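Hello,

Here is the structure we talked about, for you to open alongside this email. My notes follow below it.

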Amino acid sequence: MITRLLVANRGEIARRVFRTCRSLGIETVAVFSDPDADAPHVAEADHAVRLSGAKPAETYLDIDRILDACRMTRADAVHPGYGFLSENADFARAVLEAGLVWVGPAPSAIAAMGSKIEAKRLMAEAGVPVLPSLAADSPESSAWEYPVLVKASAGGGGRGMRVVRDAGELAREVASAERESLAAFGDGTVFVEPLLEGARHVEVQVLADQHGTVWALGERECSVQRRHQKVVEECPSPGIGQEMRERLQDAAVRAARKIGYVGAGTVEFLVKGDRVAFLEMNTRLQVEHPVTELVYGVDLVRLQLEVAEGRALPGRVPEPSGHAVEVRLYAEDGRYLPQTGVLRLFEVPGEVRVDAGVESGSVVSPYYDAMLAKIIAYGETRAEALRKLVTSLRRARLHGLTTNRDLLLGILTHREFQLGETHTGFLDQHDLNGARPGEPPAVSGGVGEPSAVEGAAGEPSALGGERGGGLSVLAAALAEAAASRADARVLRSLPGGWRNVRSQPRLARYEEAEVVYQPLPAGVAVIRAEPSRVVLERDGVRHTFEIAHYERKICVDSPLGSVELTPVPRLPEPVEHVAPGSLLAPMPGSVLRVEVQQGDRVAKGQAVVVLEAMKMEHQITAPADGVVSAVHVEKGRQVEAGAVLAIIQEGNP
């Protein structure tokens, strides 16, 4: 029987496993890197061990130090979570050889599925339909039918994956995928297969015990992806009929039996019409497991622990009921670039489940995945689940970091998504991110003129997708004025901005917008104005705004949506200007490659510098045709966000 369990992971999955352990009376052990010393998963564990001496990005991959932590804390079992070492057969073997309970499948099963190339061969033997594999270095690649997909053999999560649409791009993309795969999984092996465009990505949850019972707990729809990483998942799939569901579940059970699988795992497929093709088997718990838990009424972590203890699964598979939808909330901008810094406030209201690796005040570092939380809604119908999820996201208070909330709302409210008409190219087909960072929002008016944000409540606004942008900016201005009066040392009872003889309107300026707040816009009345709360009435309808003040930022939240504003100081401090044509680092990271030299001619879109951040490669490209007039970095250099990487002089100097 397991009495003390170490989770060889971090963030939300560590907290998720701890939650089940607490309900079962099992003591918990956390491990942590230096950047994670104050992380919630460390505070919640009964015992915690610092994995010292390793680079932050490699800390959770150090098998010897993790086993040392087991010995130090007398843990008798290890749960790998997902990612990191969860699908490393050597780690599973080392845990078992140390006399500990391994909460996962046998090392042989992990090894069999760890190489996607070998996995496809085994699945074909088991009668599971597969796509043909192509050798990345094949001399016949110029004759292939494109597009094709380059994939890492040893991992997943979108890392080491590239779409190639032309034979001339193959060598470059293969090399890039090999580097990314090596950095993420310690194995740079890649292979190529045909790209089945317009297909659904559907996976089946399996669970098997040591006594020969194998469950197939329905399917999950995972088609909406960015950079080949899932963004929205749901159970059941809205596009799968009962006949196809039975085919997929039968194939998943055959796959599990073929390799003698024990524990929780996922078999993934592409589905297009009547065609089914095996993608991979993940020999671990999946990020999106909560939707299955809610629909089938099970605790998959508890079942994992019970199977690891040798207990038998009931012979009857639980019956599904209702619908569940999950979204992954990331700290990233509209270009899918990860964001780092302090998450000032993290509050997600409503009838939803929140599996988060963060809390208010958490620091998001550049070393790990940018996912902040999973937000999951359940309903008796899909429409009910979607409604709950949309409402919760709109009312969430997320301050301090740019997130993908607007993207998630754009997906969930899109007509085709609501009809269940999704496929793996959904986000390529529909640009749901709106204006890209750096594009000026069309929301500001002249001094004394009605600002473009002063539209009626409920109108679309360029302010972060918020539906009542004008009222939110007005609320921010009134809250600032109230805060100024609250801090006043004399005549505090006078209203903010009071003048004996008014000569001009009172104007609040922000980088994103400006608004006249004295006199008030026509039809607007102030019911309450305090530094942290403003109530406005417009055309007989009241709206309450919650206001948070931070250094150089004001965050406004309401049922209309959320807006983040940057006040323009009356006496701006001098700013450091960069040379025209400067290419700036969009995030902290390490310079992986410099593709040009000073004096080189470059074409628009040509790679200039490649950064590595959060185990992903990010190409920094030339914004226009020109000449490289300066290169400020070299391979291996650590750079901060905003650092000048190179300068491109446009045209033909």
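Which residue in β33 is the bridge partner of arginine 593? The partner is valine 610. Please keep in mind that this is a predicted model.

The sheet around β33

The pair behind that answer is strand β31 (residues 589-594) with strand β33 (residues 607-613), which run antiparallel and share 4 bridges. Both belong to an open sheet of 4 strands, ordered β34-β33-β31-β36, with antiparallel pairing. At the edges stand β34 (616-621) and β36 (638-639); each has a single partner strand, so one side of each has no neighbour in the sheet. Helix α7 (residues 170-185) packs on this sheet and touches β31, β33 and β34. The direction of α7 makes about 135° with that of β34.

The parallel sheet

Another open sheet has 5 strands in the order β3-β2-β1-β4-β5, and here the pairing is parallel. Its edges are β3 (47-50) and β5 (101-102), each with a single partner strand, so one side of each is left without a neighbour in the sheet. Within it, strand β1 (residues 4-7) pairs with strand β4 (residues 77-79) in the parallel sense over 3 bridges. Leucine 6 is opposite valine 78 in β4.

Two hairpins that share β26

Strand β25 (residues 524-529) and strand β26 (residues 533-538) are antiparallel and pair over 5 bridges. Valine 526 has leucine 536 of β26 as its bridge partner. The hairpin from β25 to β26 passes through 3 residues.

β26 is also joined to strand β27 (residues 541-550) by 6 bridges, again antiparallel. In that pairing valine 535 stands opposite threonine 544 of β27. This hairpin has 2 residues between its strands, and aspartate 539 in the turn has a positive phi of about 50°.

Two packed helices are described by the angle between their axes and the distance between the axes. For helix α4 (residues 89-97) and α5, the angle is about 175° and the axes are 8 Å apart. α4 and α5 are therefore roughly antiparallel to each other, since angles over 145 degrees count as such. On the α4 side the contact involves Ala89, Ala92, Arg93 and Leu96, which meet Pro107, Ile110 and Ala111 in α5. By type, the residues of this contact are 6 nonpolar, no polar and 1 charged.

The axes of helix α5 (residues 107-114) and helix α6 (residues 116-125) come within 5 Å and cross at roughly 100°. That makes α5 and α6 roughly perpendicular to each other. The contact is made by Ala112, Met113 and Gly114 of α5 with Lys116, Glu118, Ala119, Leu122 and Met123 of α6. These residues divide into 5 nonpolar, 1 polar and 2 charged.

Cavities

How many cavities of 30 Å³ or more does a search of the whole structure find? There are 3. The largest cavity has a volume of about 130 Å³. Its lining consists of 14 residues, and Arg226, Gln229, Pro338, Asp369 and Met616 lie nearest the centre. The lining divides into 7 nonpolar, 2 polar and 5 charged residues. Met616 falls within the range given for β34 (616-621), the edge strand described above.

Regards

Definitions and conventions: Residues numbered from 1 in each chain as written. Predicted model: local features only at pLDDT ≥ 70, side-chain atom pairs only at ≥ 80, totals over all residues. Heavy atoms only, no water. Axes fitted to C-alpha atoms, helices over the stretch in contact; angles between N-to-C directions. Parallel < 35°, antiparallel > 145°, perpendicular 65-115°, else oblique. Contact = heavy atoms within 4.5 Å. Nonpolar A, V, L, I, M, F, W, Y, C, P; charged D, E, K, R; others polar. 1 Å grid on protein atoms, 1.4 Å probe; cavity = no way out; pocket = protein on both sides within 12 Å on 5 of 7 lines; lining within 4 Å. Points joined across faces, edges and corners; volume = space filled by probe spheres on them. Pairing = 2+ DSSP bridges.
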